[in-house]
Amino acid sequence: MTYRIGVDIGGTFTDFALFDEAGGRLSVHKQLTTPDDPSRAVLDGIGTLIGSAGLRLDAVEAVSHGTTLVTNALIERKGARAGMLVTAGFRDVLDMGLERRYDVFDLRLAFPDPLIARRLRREVKERLRHDGTVIEPLDLNGTRTAVTELIERERIEALAICFLHSFTNPAHEDAARRLVEAEFPALLVSTSADIFPNAREFERWTTTTMNAYVQPMAERYLARLESGLGASGFRGRLYIMTSSGGTLEASAARHYPVRMLESGPAAGALMSAHHGRTLGLAQLLSFDMGGTTAKGALVRNGAPLKAYELEVGRVHEFKRGSGLPARIPVIDMIEIGAGGGSIAEIDSRGLIRVGPRSAGARPGPACYALGGTAATLTDANLVLGYLGAGSFLGGAMALDLPAAERAIAESVATPLGLDLLRAASGIHAIVNEDVARAFRIHASERGFDYRQCSMVAFGGSGPLHALGIAKKLKVPRVVFPMGAGVMSAFGLLVSPLGFETARTKRIALSDLSPTIMAENFAPLIAQTRGFLERAEVPSDRIAIHLKLDMRYVGQGYEIEVPLPRSDDWAALTVALPALFRTEYAKTFPLGVLDEPLEILGWKAEAVGPEPSLGERLKIEAVGRAGTATLKGRRRAYFAEAGDYVDCPVYDRYALKPGETIAGPALVEERESTVVIGPHDLVQVDAALNLIAELKG
Amino acid sequence: MAKSTETLDAIGLAIMWDRLVALTDEIVSTLVRTSFSTIVRESYDLTVVVVDAQGRLMAQGSISAPPFIGTAPLTMKHVLKRFPPETLAPGDVIITNDPWQGTGHLFDVNVVRPVFRKGRIAGFTLSITHLPDIGGVGFGASAAEIYHEGLRIPLRKIVSAGVLDESLLDLIRANVRVPEQVIGDVMANLTANEVGGRMLTEFMDEYGQDDLGTLSAAIRGQAERVTRERIRAMRPGRYTNRIEIEGIDAPITLACAVEIAGDGVTIDFTGTGACVPRGINVPYCYTNAMSLYSMKCLTSWDLPNNEGATAPIKVIAPEGCILNAQPPFPTGGRHSTGHFVSPLVFGAMKDAAPDLVQSDTGMIDILNFRGMRRDGGEFSTMWFSAGGFGAVNGHDGPNVTPGPSNMAVVPVEIWEDVTGTLIERKTLLADSAGAGEARGGLGQEVVFRNDTGHPLTVFSMANRTEFPPLGFHEGRDGARRAHMINGGPIHPKGQNVLAPGDRLTLRQPGGGGFGDPKRRKRDKIARDVAEGFVSREAALRDYSVVIADDLGEAAE
């Protein structure tokens, strides 16, 4: 008899999911986040969830945890006072950035300040050549003096050690770390070759500063959480979700807090992929839309696409290049500044735009009646009848329809000479367009054909917009899983232990031998495997995935080449050119050249077994199930009909497998509503997913 | 799905406009994915535009090299003159790299394809990419005539009704150094335009548009209205400016008069010096483009690009001046002169639009390094290094930020790996920025050491060595650019050889300041001193502020 818990801390709510493996039952809970000490809500909520299931915490074998703590600390600049040691001559790398403008027309452009101010950076004498050979040995006395000064004069709590070419030879960074750990044991140390051993100093060092900046806070948080759980009788393992969709044991995660960035959305995408695999849908668009942003991910052959770069805290709305780059393994997400709280306003063209400005949770949309006057997407969805004034959040929060109408009229409709209905439906449609557009370009840049894909839609606002967006994209099928508001918590329950590392090392294919292959991968495999072995994953259950970044010699564009699972280095070495050409042709259909190849990057990922959610999942206590399937009727606007249409409103929790709903109709669950248009047909499957099939 | 006809109100127009821009971005993405050469893929030295049947630019890819916003409409005029609609058939594609009909130098290939719908031309797509080679003397300014600079392809059909002109391809192939990459990039342009045509047709289907004319008029109308409004908010009058820039042998004068009358602007470059027998001459199309780019920064920086935003702006340059070069003057490095159109125009407009213009930027330093690595492998590669960005009223210029071009620096770790040279230091230059109420961005110093064991040839075309980035409205000038070998100054334009062990130092200029330094907020000065961007001495000299040793304490 085993139980597992998933906990996801979001900006407003902390979500909980409890899985009873024996019964295949899933129950959920939700409560307000406690920003001053987020572990309070976590411990409290776990207690509530366990209590209502009639369990004791010692029956729970694992808690998987995702949190926005790290993301928020970076965006709100609430991290620790951290110092930095850098190679002499390169203190200013963080201020110089990429020397590139993210917008060539904006003369007032600005870049985010480095997380570690210039005066908290100290230069240390040491220098490696690009091949890792030593030009100047590390000055240990200078290191000691610099750290002493940073501690005594600047009172730093954490230290980032960043030397040039350390990804090729980490000896100097390691030596500096040993000195600091021996002589200043209270200081938390991050070294750049350990954080992400990749070329390009600005990005690697910035990532390292992020790690240092949030580490003291993450340490304290995880310590509080572990001791709190222990005190409540928890004897199982605490797993922390990372950006790439794998979990780490808390003891490992505390060394790499930067890898906790965006772990909640990653868990959501993972759950989409899980649903897809269960339903036999291998190619997916995962679409998550909440209060302030929408997130998208592409799922290919059952797994979300990954990337190795993420931008944090963009200073210019959502413009690429205006944030701080984090180089870590991540699920490759699109972020769109559109959610329920997004503000509709008149842009500089004199037309309507929605977002990225958001009214947030407070004052929130005008219809929350908490003092907000801006017209938001939620206001539009209320005016259109998609949301019910009396059924929002399961009826827990009454919405003020006249306030929504007033806000839209005053800020958009009247100034633009539009009637209220056109303005409201326009706000809804513009958001659909924005999301569809973001998916299109994201897919196009990755050579991903989405037209035969299915979409999995969730989040508070996702199901309101999914069918409209799917039609724009000509996606033939949309899946609405149960529990739109707690998908990330579910995702935590299916996240395997996993750790990935990637290292830059350039080797021409002509110089490659099976021995060199084996030698380069060996330390990566040992390191990643080590994380799982320490978490007591049996060796034979650890899968190792190897990938190489390759390119034509001299070309600036690398292609990631996954290697087949094999220990036969000789066969792998021989197969490389063909493997490269196959991958190259996927992204660059015209571009196969007869030129020499080289390897740029070496990647290894160790993954444990995926926790199972069983075959027939029963979701309980997501909301109060009504007795009647039909809750009532309400007028909702549909562009196809050109007007409001009287629609049935169904209780999602009362729907039975096999039932079919013909649009126009609305299906309400606690945190969201599925909007079904006049010509759409939705079926309830055995797992209570709603599945919409769209006709050409 | 049912076809609907979008109305062109504030919603329908917003939806279709954004969709069209995104569509051009998708064509760009296709272009990037199908290209061979690194220059397209890494530098995004390219653009894609959608024009209506009359050749009027209505949408452009959001990522675009600045000059390309202005050349496409002129290219379309030449295309339609040479190939009137009745001479075009479905499946035709037109190509040119003529500097006077394209983008000002031979390196950029322009590819145009009509989109037919119901037997009529509904619009065109046009793509431009910088080719990796075009024959001739190669990239640089050393040519004395256009004939030295490589292959010139006049406007002609490279595809006629779907049939590729193999003889033209053969001709190109025989004239360039890296034929596979060049032909690959030409083919990528053909593919991208074909994909673009398909997407445009679907777009018109989806929104119930017969052609692009109505939408084009609405988009351009809206952009023109906003632009004219913003011009009207400027102080009317005739404003002149004259600057000198470093030439090959002697300084070159650039002059302009900007006339703001009502809601229109005329920029006249009369008074500008004559062409020179080196490849730094600028055809009118590029001068026009850089003028429009500069005005866009002042009037429509937040609008997607289209011809409506540029309609109120007229650009005049007398034939034969260096900003309206005629054949056979060479134009390979036309950007090294043409980029100065921005500071020239901003300087002229500093009283007309004091809250919009930018003080001079430090601009970028472009150097070519050629030599041998320690292992004997040859290399030839470019180094880009930015000066400080110019300040704008109330807004400090960011440090080391390029403008008006936008070439990113090569990371130290990549550079050292590729070349085997060592970069000893790369640091911000304290006090290099022009002081001001808003200060300029800091410049930088980069020191290279030739560790390759072989002689290293360095070619540079540096500017801002005699004429510093200017501050506006009592803002101070930024420090000048300097190049040194082993501590001794060298000529900034030309070729030098670094012997093994020699050091090359590049000092990049700071951006110009804006407004009287005496009015700079004290907490900003204190922060600049604390961060080491401004020295205590300079704080006293330029800002008349004493910053005590304890951080943040300031007194007169």
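Domain bounds here come from an automatic or database domain assignment. On that basis, chain B is divided into domain 1 (12-225) and domain 2 (358-520). Please keep in mind that this is a predicted model.

**Where chain B meets chain A**

- The two chains touch through 61 residues of chain B and 59 residues of chain A.
- On the chain B side, the elements that each supply at least two residues are helices H1 (12-34), H2 (38-43), H5 (179-206), H6 (213-232), H7 (284-299), H11 (412-419) and H12 (522-531), together with strand E14 (422-428).
- H1(B) gives the largest share of that side, with 11 residues.
- Sorted by class, the side of chain B that touches chain A holds 28 nonpolar, 15 polar and 18 charged residues.

**The two domains of chain B**

- Taken over C-alpha atoms, the centres of domain 1 and domain 2 of chain B are 34 Å apart.
- Four residues from domain 1 of chain B and five residues from domain 2 of chain B make up the contact.
- The domain 1 side of this contact has two nonpolar and two polar residues, and no charged residues.

**A helix pair in chain A**

- Two packed helices are described by the angle between their axes and the distance between the axes.
- For helix H4 (residues 140-154) and helix H5 (residues 171-183) of chain A, the angle is about 50 degrees and the axes lie 10 Å apart.
- That angle is why H4(A) counts as oblique to H5(A).
- The crossing of H4(A) with H5(A) is right-handed.
- From H4(A), the residues Leu140(A), Thr143(A), Arg144(A) and Val147(A) meet Ala176(A), Leu179(A), Val180(A) and Glu183(A) of H5(A).
- Of the residues in this contact between H4(A) and H5(A), five are nonpolar, one is polar and two are charged.

**A proline to look at in chain A**

- Pro265(A) is buried because 30 other C-beta atoms lie within 10 Å, where 20 or more is the cut-off for a buried residue.
- Beyond its neighbours within four places in sequence, Pro265(A) is in contact with Asp288(A), Lys295(A) and Met333(A).
- Ser243(A) is 22 residues from Pro265(A) along the chain, and the C-alpha atoms of the two are separated by 8.3 Å.

Definitions and conventions
Residues numbered from 1 in each chain as written. Chains lettered and ligands numbered in written order. Predicted model: local features only at pLDDT ≥ 70, side-chain atom pairs only at ≥ 80, totals over all residues. Contact = placed C-beta atoms within 7 Å. Helix = DSSP H or I, 4+ residues; strand = E, 2+ residues; numbered from the N terminus. Nonpolar A, V, L, I, M, F, W, Y, C, P; charged D, E, K, R; others polar. Axes fitted to C-alpha atoms, helices over the stretch in contact; angles between N-to-C directions. Parallel < 35°, antiparallel > 145°, perpendicular 65-115°, else oblique. Left-handed = near helix turned anticlockwise from the far one by under 90°. Buried ≥ 20, exposed ≤ 12 C-beta atoms within 10 Å, placed from the backbone.
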